[in-house]
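Colleague: Could you walk me through reading a fold like this one, feature by feature? I would like to begin with strands and then move on to side chains.

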Amino acid sequence: TLYTLLHPVTWTKKRMTTFHGAYHLEVSSSGPKSNVKLQIFKFLQKIGLAANQKVITYSRYAKQVIADNFGEEIYEKTITFPGIYGFTSNKIRLRIRKKSKNSPFVILNFGRAEPRKGIITLLKAIAILKQKIPIKAYIATPYEYLHQYHDLLKTYEELNLFDTVHFIHKVNKKQKEDLAQKSDVFIMPSLDLETFGITIIEAIEMGLPVIGMPTGAIPEILKPLDKRLISKNTSPEALAN
């Protein structure tokens with residue numbers, strides 16, 4: 001954005017930008033940070049948004065994040081792309097995997113395992129389910145998140161999930177499809193700041209049912225399909241239910 005603003009060729013052009021989230025909020029959600037640094041992030045992003053004639057978001061939630069953080073002027077020139085509101089149940093063909101009586105129920109999740117993504121909540125929900133049914137889970141994430149957020153692996157160890165949850169490195173499209181073929185459901189356990197949730201769309205595209213939290217833009221995608229796909233709240237117990 002700064003490169004574009006400083007480039008003389010753009011000074012006479014109309015500009016449009018897409019908004020994927022408030023950077024200062026996402027940075028602060030990963031742990032304590034300098035408030036000065038966060039305010040600088042916020043100020044720079046606001047300059048970038050203000051310099052555009054139009055701002056495009058992919059959910060009503062994202063547009064509200066703009067209103068709450070960057071002011072009415074930027075909110076007024078924000079357009080919400082209508083694509084996610086086009087989902088209807090007759091366009092979606094979700095696959096229910098045939099399985100033998102004793103085969104485990106298989107959960108899939110892929111994405112960045114940042115704290116706000118709710119993977120610890122997912123682990124706790126899996127521990128609850130483990131007491132009731134045979135279950136297995138694949139969680140694919142870039143390895144640096146496992147090393148950076150020690151609470152994740154600590155919870156995994158404390159809940160004794162070594163034979164139930166399999167952590168996998170970052171996966172490509174083909175690997176995602178292979179995992180989807182082995183899975184019964186995709187879980188989107190994000191707790192906050194989910195301005196769209198493209199992994200939901202990827203999972204639906206591969207035919208997987210998706211269960212998500214009642215946070216961010218997740219209900220905007222899942223509610224038109226079936227409101228029962230949304231957890232009642234963000235607790236591990238509600239997600240397990």
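**Strands first, then side chains**

Modeller: Happy to! Strand 2 (residues 54-57) and strand 3 run parallel and are joined by three bridges. Keep in mind that this is a predicted model.

Colleague: Which residue in strand 3 is the bridge partner of I56?

Modeller: That partner is I79. Stepping back, the sheet is open, with three strands in the order 1-2-3 and parallel pairing. Strand 1 and strand 3 (78-80) each have a single partner strand, so one side of each is left without a neighbour in the sheet. From one strand to the next, the twist averages 25°.

Colleague: Now the rings. How many aromatic pairs does the structure hold?

Modeller: Six. To read the geometry of a pair, look at the angle between the planes: over 60 degrees counts as edge-to-face. For F19 and F70 the planes are at 80° and the ring centres 6.1 Å apart, so this pair is edge-to-face. It links distant parts of the chain, 51 residues apart: F19 sits in the loop between strand 1 (16-18) and helix 2 (23-28), F70 in helix 4 (residues 60-70).

Colleague: Are F19 and F70 buried or exposed?

Modeller: Both F19 and F70 are buried. Another edge-to-face pair is Y23 with F41, at 5.0 Å centre to centre and 70° between the planes. Y23 is partly exposed at a relative accessible area of 47%, and F41 is partly exposed at 24%.

Colleague: What lies over the face of Y75?

Modeller: That is K63, at 5.0 Å from the ring centre.

Colleague: And the charged pairs: how many salt bridges are there?

Modeller: Ten. E26 and R116 meet at 3.5 Å. They lie 90 residues apart, with E26 in helix 2 and R116 in the loop between strand 4 (105-110) and helix 6 (119-130). R116 also forms a salt bridge with E114, at 3.2 Å between the closest N and O atoms.

Colleague: Which residues are linked with R116 in a network of salt bridges?

Modeller: E26, R112 and E114 are linked with R116 in that network. R116 is buried, with a relative accessible area of 6%, and E114 counts as buried at 12%.

Terms used: Residues are numbered from 1 along each chain as its sequence is written. Side-chain values use heavy atoms; hydrogens and water are left out. Rings of Phe, Tyr and Trp (its six-membered ring) pair if their centres lie within 6.5 Å; planes under 30 degrees apart count as stacked, over 60 as edge-to-face and the rest as tilted. Helices (H or I, at least four residues) and strands (E, at least two) are DSSP runs, numbered from the N terminus. Buried means under 20% relative accessible area, exposed over 50%, partly exposed in between (1.4 Å probe, protein chains only). A charge sits over a ring if NZ of Lys or CZ of Arg is within 6 Å of the ring centre and within 35 degrees of the ring normal. Two strands pair if DSSP finds at least two bridges between them. Axes are lines fitted to C-alpha atoms, for helices over the stretch in contact, and angles run from 0 to 180 degrees between N-to-C directions. A salt bridge is a side-chain nitrogen of Lys or Arg within 4 Å of a carboxyl oxygen of Asp or Glu.
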